[in-house]
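Take the structure one region at a time. Start with the chain as a whole, then look inside it.

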Amino acid sequence: MRRVMVSFLVCGLTLFIANSVFAEQVIADSRIQEVVVYPDSALVSRSADLKLGIGQHQIVFSDIIPEIDENSLRVEASDDGCAKILGAQVKKEFIKEEASQRVSYIQEEIQKLEDEMRRLEDTKNILGQERQFLDSLRLFSAGQLPKDLVTKMPVVKDLDETLKFLSARLKENYNQALDAELNSRDIFKKTEVLKRELSQISGPSKKIKRSIMVEVEVVKPVSFGLTASYLVKGASWQPLYDARANFEKSEVEMVSCGIIRQTTGEDWQDVEISLSTAKPTIGGRMAYVSPWFLRLDQSRFTMESRNNIVAGQFASFSSSENAGEPGLAKDAIAEQKGTAVVYKLLRKATVKSDGSEYKLPVSIQTLKAEFGYSTYPRNTPCAYLGSRVTNAKDLQLLAGRVNIFLEGDFVGASSIDNIGPGEDFDLYLGVDENVKVKREQIEKKVNDVLIAGILSPNCTTTFKYKATIENYKNKNIKVIFFESMPVSDNERIKVRIGKPSLEPKEKNWKDRKGVWRWKLELEPKQKQEIFYAFSIEHSRDMRVEGL
């Protein structure tokens with residue numbers, strides 16, 4: 001009985017090994033279904049629909065083009081448990097292959113373009129030599145004609161024909177040279193595009209054949225989907241915003257977009273795309289915090305410093321600080337996943353592997369806005385339009401560039417910081433040329449005479465300024481006007497501020513010494529002038545920084 005049991009186990013083990021070794025190999029007809037784009041990489045998910053019978057099968061995802069992070073490989077099956085995944089791995093096969101038909105075609109086209117470029121260069125050289133010759137004829141004629149006029153009068157017809165000939169040939173020469181230059185630029189651009197494509201399809205990656213091998217065991221016949229996901233480099237994204245201000249409705253339409261680029265080696269054709277702020281290529285462990293030692297630069301020691309060290313007068317300092325310390329109507333669905341934010345686009349998209357920028361919408365929200373202007377003409381004589389708005393309660397806005405559109409026209413760029421869901425923030429909308437601001441010095445008087453022409457030991461300088469704000473819009477506006485009054489940082493410098501023609505709303509705004517803030521309201525075509533003055537007294541021999 002024992003001998004029979006042993007024989008049964010040996011036969012069973014033999015059958016299991018045989019089934020494992022001779023598992024049926026199935027080449028999956030797969031395509032990219034979903035991509036999660038990170039700031040410096042992308043997680044690609046490739047899926048295939050399978051119909052398998054009972055037994056063990058080896059599913060092959062073949063022709064994987066990009067270099068993938070094997071540690072990131074993950075395989076999932078969408079079934080009711082009839083198919084069990086036993087394991088998965090990436091198989092690399094180094095092959096020698098002849099240049100593909102596309103590679104040969106591109107190489108021939110590049111050769112043709114380079115030959116054409118050489119022909120154009122020769123043409124430009126010939127035209128240059130011809131132009132030098134024509135210029136020399138023109139200069140000769142300009143010098144010879146006055147000499148001929150002394151002895152004889154040239155025939156008008158000959159003179160006219162000579163000038164016409166030179167003028168026509170020079171004009172034709174310039175036109176031909178311009179055409180040659182334009183053609184050269186066009187050929188250069190075409191050559192660069194072909195060279196980029198050639199590097200992508202004939203580089204080292206094509207010499208390695210990659211496949212994903214998935215071992216599957218099926219307990220009963222089943223149809224299911226199999227998905228393999230893996231991390232690749234050569235992809236990135238960054239946020240971009242379009243802000244369109246509507247004065248009539250007191251609204252700002254905020255369009256959030258993602259700018260995607262990828263050169264992974266394969267196109268993403270009609271795939272689901274998500275944008276994530278995570279950076280999986282960066283290690284998840286903080287760097288070692290090491291002491292910060294300050295030491296003398298040995299190369300700059302002098303004999304005196306060496307003597308000081310010998311005498312024991314050298315001190316070293318340490319600090320635990322280190323730069324490596326940690327710092328912690330929509331078109332997309334924003335999710336908070338751990339420390340990352342993920343935007344899942346609601347529409348499929350196509351992104352070619354040519355490094356081109358693809359601007360994909362993430363969200364569109366209409367924000368109620370109270371528009372106002374702020375100006376600091378001491379720095380820049382411009383009025384900046386701004387608005388106080390509130391972000392949507394379920395949307396995270398990342399720091400990025402904002403393209404500003406006023407009344408349908410692009411007027412410039414601004415930026416925003418990271419904005420949390422439901423957070424109030426200031427949205428700056430650029431300069432409005434219909435609000436004029438001017439700051440001018442109307443008087444500067446220096447008093448350094450005591451009496452009877454005797455110079456005073458002190459010098460007093462008085463400044464008078466006028467600030468002008470004008471509203472050329474057809475509606476009432478609010479303007480915040482800032483000015484910095486001088487503040488003494490030394491008891492030997494005395495500052496006296498005169499009474500302004502219009503008192504500011506705040507002095508020492510937000511605890512900034514000397515910063516005055518006026519809050520103005522102007523009707524259409526209204527002009528507001530503000531006069532203010534101050535004097536600064538200091539000793540004659542003192543140089544005051546800032547004056």
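This is a predicted model: local features need pLDDT of at least 70, side-chain atom pairs count only at pLDDT 80 or more; totals for chains, interfaces and linings use all residues.

Residues are numbered from 1 along each chain as its sequence is written, and side-chain values use heavy atoms, with hydrogens and water left out.

Begin with the fold. The chain has four helices and 28 strands. Helices (H or I, at least four residues) and strands (E, at least two) are DSSP runs, numbered from the N terminus. The chain holds 547 residues, and 34% of them count as buried. Buried means under 20% relative accessible area, exposed means over 50%, and partly exposed lies in between (1.4 Å probe, protein chains only).

Now turn to the empty spaces. Rolling a probe the size of a water molecule over the atoms shows where empty space is left. The search uses a 1 Å grid over the protein atoms alone. A cavity is a set of points where a 1.4 Å probe fits but cannot get out. A pocket is an open set with protein on both sides within 12 Å along at least five of seven lines. Lining residues have an atom within 4 Å of a point. Grid points are joined across faces, edges and corners, and a volume is the space filled by probe spheres set on the points.

How much space lies in the largest pocket? The volume is about 560 Å³. The largest pocket is lined by 20 residues, and the closest to its centre are Tyr-373, Ser-374, Asp-426, Ile-480 and Arg-517. Five strands each supply at least two lining residues: E18 (370-376), E19 (380-390), E22 (424-431), E25 (477-484) and E27 (515-522). By class, this lining has nine nonpolar, four polar and seven charged residues. Here Ala, Val, Leu, Ile, Met, Phe, Trp, Tyr, Cys and Pro count as nonpolar, Asp, Glu, Lys and Arg as charged, and the others, Gly among them, as polar.

The largest cavity has a volume of about 80 Å³. Its lining includes Trp-237, Pro-239, Tyr-241, Ser-256 and Cys-257. Strands E9 (235-246), E10 (251-262) and E17 (358-368) give two or more residues each. E9 has the largest share, three residues. This lining has nine nonpolar and three polar residues, but no charged ones.

Next come the rings. Rings of Phe, Tyr and Trp (its six-membered ring) pair if their centres lie within 6.5 Å; planes under 30 degrees apart count as stacked, over 60 as edge-to-face and the rest as tilted. The count comes to ten aromatic pairs. In one of them, Phe-247 and Phe-371 are tilted, 4.9 Å centre to centre with 45 degrees between the planes. Both Phe-247 and Phe-371 are buried.

Why is the pair of Phe-463 and Phe-534 tilted? The ring planes stand at 35 degrees, with centres 5.5 Å apart, so the pair is tilted. This pair links distant parts of the chain: Phe-463 is in strand E24 (residues 454-471) and Phe-534 in strand E28 (residues 527-539), 71 residues apart. Phe-463 is buried at 7% relative accessible area, and Phe-534 is buried at 9%.

A charge sits over a ring if NZ of Lys or CZ of Arg is within 6 Å of the ring centre and within 35 degrees of the ring normal. The charged end of Lys-473 sits over the ring of Phe-247, 4.8 Å from its centre. Arg-244 lies over the face of Phe-405, at 4.1 Å from the ring centre.

Finish in a loop. Lys-510 lies between strand E26 (494-497) and E27. Its phi is positive, about 50 degrees, although Lys-510 is not a glycine. Lys-510 is exposed, with a relative accessible area of 59%. Asp-511 is in the loop between E26 and E27. Phi of Asp-511 is also positive, near 65 degrees. Asp-511 counts as exposed, at 76% relative accessibility.
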